[in-house]
Amino acid sequence: SLCYYILGAKDVAIDVIAKAADVCKDGLAMDTVRKQIYTLLIQQIYVSDATYKYSINKIFEACLSWKIAKQYGYKKDEFGFNKICE
């Protein structure tokens, strides 16, 4: 998704990252040994998704992705989403 994003195909990047989120959620549900790894991946996926959506002015959708990342335990806020999404 990052390659698409950098090349300017931001909508495609969002579609690809949505598929990655589905794969990671399935992995989290099925693989109890690597649960922590899948949780970290999901956090990063939703932070990236929020960033991509914010960059194309989909603020509401970006905030939804940000909140999902936080539900999975994401604690950092490098991009200021806590203020944006109040």
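In this predicted model, helix α2 covers residues 10-30, and its axis comes within 9 Å of the axis of α3. The two axes cross at roughly 160°. An angle over 145 degrees counts as roughly antiparallel, so α2 and α3 are roughly antiparallel to each other. The crossing has a hand as well: α2 passes α3 in a left-handed manner.

Now follow α3 onward. Helix α3 spans residues 35-55. It also packs against helix α4, residues 59-71. Here the angle is about 165°, and the axes lie 8 Å apart. That makes α3 roughly antiparallel to α4, by the cut-off of over 145 degrees. This crossing, α3 past α4, is left-handed.

Next come the charged contacts. How many salt bridges does the structure hold? There are 2.

One of them lies within α3. Lysine 53 and aspartate 49 join their side chains in a salt bridge, with 2.9 Å from N to O. Why are these two residues separated by about one helical turn? They are 4 residues apart in helix α3. The cut-off for buried is under 20%.

The other bridge pairs arginine 34 with aspartate 31. Their closest N and O atoms are 2.5 Å apart. Aspartate 31 has a relative accessible area of 15% and is buried. Arginine 34 has 44% relative accessibility, so it counts as partly exposed. Partly exposed means between the buried limit of 20% and the exposed limit of 50%.

Which residues make the nonpolar surface patch of about 220 Å²? They are Tyr54, Ile59 and Ile84. Tyrosine 54 belongs to helix α3, the helix that also holds lysine 53 and aspartate 49. Its relative accessible area is 37%, so tyrosine 54 is partly exposed. A patch residue needs over 30% relative accessible area, and tyrosine 54 has 37%.

Key: Residues numbered from 1 in each chain as written. Predicted model: local features only at pLDDT ≥ 70, side-chain atom pairs only at ≥ 80, totals over all residues. Heavy atoms only, no water. Patch = residues over 30% accessible without salt bridge, like charges linked within 9 Å, V, L, I, M, F, W, Y side chains within 5 Å. Areas by Shrake-Rupley, 256 points an atom, 1.4 Å probe, with all protein chains shown as cover. Salt bridge = Lys/Arg side-chain N within 4 Å of Asp/Glu carboxyl O. Buried < 20%, exposed > 50% of the residue type's maximum accessible area, 1.4 Å probe, protein only. Axes fitted to C-alpha atoms, helices over the stretch in contact; angles between N-to-C directions. Parallel < 35°, antiparallel > 145°, perpendicular 65-115°, else oblique. Left-handed = near helix turned anticlockwise from the far one by under 90°.
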